[in-house]
Amino acid sequence: MRLAWDLQEYDELILVTARVHNPAPVKRYVRLQNHLDGKVRPPRSNGIPERGWDVDGVTITIPAQSVRGVGYACKADRTSPPLGIESTGRGNAPDADAPTRAHRLLDTFRPPRNAVTGIHAESSHPVVTDEDAAKQSRSGLMDDGISTSNNSAEGCTADETVSEKRTLENHTNHNNEPANNEWTKTPQNSESVEQNRTRGMAGDDQREERTDQTSHTLSRARRRIEFGMKLEKGGVATAIDVLEALRDSTVIDANGIAGLRSLDTELRSDEVILEEHVDEQLEQAISLRKRAKELQEAADRIERAARTTSQLADRAGEISLPIEILERLT
Amino acid sequence: MILAVAGGKGGVGKTTLAFNIAAETDGVAVDADLGMADLPHGWGPDLHDVLAGRADPMECIYEGSVPIVPCGRSLSGSRAADLSRYRKTLTAIEKERKTVIVDCPAGLRTDVGVPLAISHGVLLVVTPQPVAIADAVRTRELARELDAGLVGVACNSRSETSETDSQQIDWQSGRQLAIDELADVFGAPVTSIPNDPHLERSVRTETPLTDVAPNSNAAEQIRDLSRSIRACRS
């Protein structure tokens, strides 16, 4: 097998073309491995990579004493040689079964870990294969115009959107949490106060976690609002700069006019989400006030009990039994 | 037979058709939308549980008016799903129930590719809008790459009197294509499913169209499609 290659650069993209010659009198296959530091962007038919291609290279069959050409694009720095022969064999290229090919061709469907771990995903022991992990790390394999286009950017914003929605969901659930309702009950004695205090500490942890999520949601909404205000006030003169900044941010998932429309939609959605947060924060304040009042009452009771105890102690100290007199009598 | 109902674009009526085809072919409809399930859900285990190795495929069949394998709706369930269990799951159901209709999700990711790769054939669902057709063409290409034969193409949401309307320009979604143009695009006969309010409600009310409106045009088209599917099975 003889390999000849050529390399052309177009901006940041490298186009690799190669010719493989099979001088043998029999049909053979060859595995060509990409050496460039980037994922292979293979030739496609209706958006689907042609058979034999995967993220690292291609396996092709070459008829006896024939030459076959291949080509692919790669976003990477120039390296020489850009590809090499990894293995060869006699006959047709071995073909993996269809589900394996599906795994090689397509990006993973899995929701990102971050979208789930904020809640209690770890307890569900998600099964993530190495292949899936690799798929996630190289998201953007099919970023040339098919429905999974701009995966890296899309993945990022989609994650955040899901995370935001879960945050909201979490907050909604939070209003009905039994742990919080515990504080609305009047403590019966000091023991129950202690139990409630312990529960309250666990609740505090959860609340802190939720506060983090809320602040994340709010900070993203705040950034979108800032972009919106700049676009509204600055007019056409500064619109291009603002749109560029918007494109570089991760608060929306589209560019240009589409990004603008997306921003408009997100702002409408932010309005609803923020209003729900207002309700939620007011409810939290009421709940905390109730809790403070109950704690105050419990503290007052304990103080009263302490005063009684102290009086008893004083009385105990003041008592002087007439032991000697009674001894003399006996 | 395992038949994938796919189309690339969301909202074209894949679930509705999968449910009604399952009813007509005495099959089991499997909700394979691991991220956003559509088919009705009972109280028992679901496809998430099966793909996570927590349940047997047969115990997930919800025996409603149409047998359904529902899918969970949680993100953690979706993450825990191991697609390598798909083959065993679908073939186990096929062995017991003969026909399995897999309602694939939208998009072109592994959650579509793996069921397609396991299926014996694919029924493409489109609407006449160019954007839906473009997505369906990609799905057909994927099915071809994964050796799933094209059993048919169903074109949803076409009004019964729209043969002339279909030639009009729709500025919102681009030009709609006539049935024969669609057949040229896909290289296969296209079955036009006319709008029918009973059809739209069928999944929600769990009543197949062929039961509530057996004489409607849409029911006749669904029976036609089901006959083609049965022919592939035998």
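Modeller: Helices (H or I, at least four residues) and strands (E, at least two) are DSSP runs, numbered from the N terminus. This is a predicted model, where local features need pLDDT of at least 70, side-chain atom pairs count only at pLDDT 80 or more, and totals for chains, interfaces and linings use all residues. Residues are numbered from 1 along each chain as its sequence is written, chains are lettered from A and ligands numbered from 1 in the order in which they are written, and side-chain values use heavy atoms, with hydrogens and water left out.

Biologist: Why is His198(B) called partly exposed?

Modeller: Its relative accessibility is 32%. Buried means under 20% relative accessible area, exposed over 50%, and partly exposed in between (1.4 Å probe, protein chains only).

Biologist: Which residues does His198(B) contact, leaving aside its neighbours within four places in sequence?

Modeller: They are Leu209(B), Val212(B) and Ala213(B), where contact means heavy atoms within 4.5 Å.

Biologist: How do you know that the buried residues Leu199(B), Ser202(B) and Val203(B) share one side of α8(B)?

Modeller: These three are the buried ones to look at in α8(B). They share a side because they cover an arc of only 75° around the axis, an arc being that of the directions from the helix axis to the C-beta atoms. An α-helix has 3.6 residues a turn, so residues three or four places apart point the same way. Glu200(B) and Arg204(B), on the other side of α8(B), are exposed.

Biologist: What makes Glu206(B) stand out?

Modeller: Its phi is near 55°, a positive value in a residue other than glycine. Most residues other than glycine have a negative phi, and most peptide bonds are trans. Glu206(B) lies in the loop between α8 and α9 (209-212) of chain B.

Biologist: Why are β1 and β4 of chain A said to stand at the edges?

Modeller: The open sheet has four strands in the order β1-β2-β8-β4 (chain A), with antiparallel pairing. β1 (2-10) and β4 (40-41) of chain A each have a single partner strand, so one side of each has no neighbour in the sheet.

Biologist: How do you know that β1(A) and β2(A) pair?

Modeller: Two strands pair if DSSP finds at least two bridges between them. β1(A) and β2 (residues 13-22) of chain A have nine bridges, so they meet that definition, in the antiparallel sense.

Biologist: How do you know that Cys60(B) is in no disulfide?

Modeller: A disulfide is a pair of cysteine sulfur atoms within 2.5 Å. The nearest cysteine sulfur to that of Cys60(B) belongs to Cys71(B), 10.0 Å away, so no disulfide is counted. Over all chains, the search finds zero disulfides. Cys60(B) is also called buried because its relative accessible area is 2%.

Biologist: Where in chain A does pLDDT stay under 50?

Modeller: That happens over residues 119-194 of chain A. pLDDT is the predictor's confidence in each residue, from 0 to 100. Where pLDDT is low, the predicted coordinates should not be read in detail.
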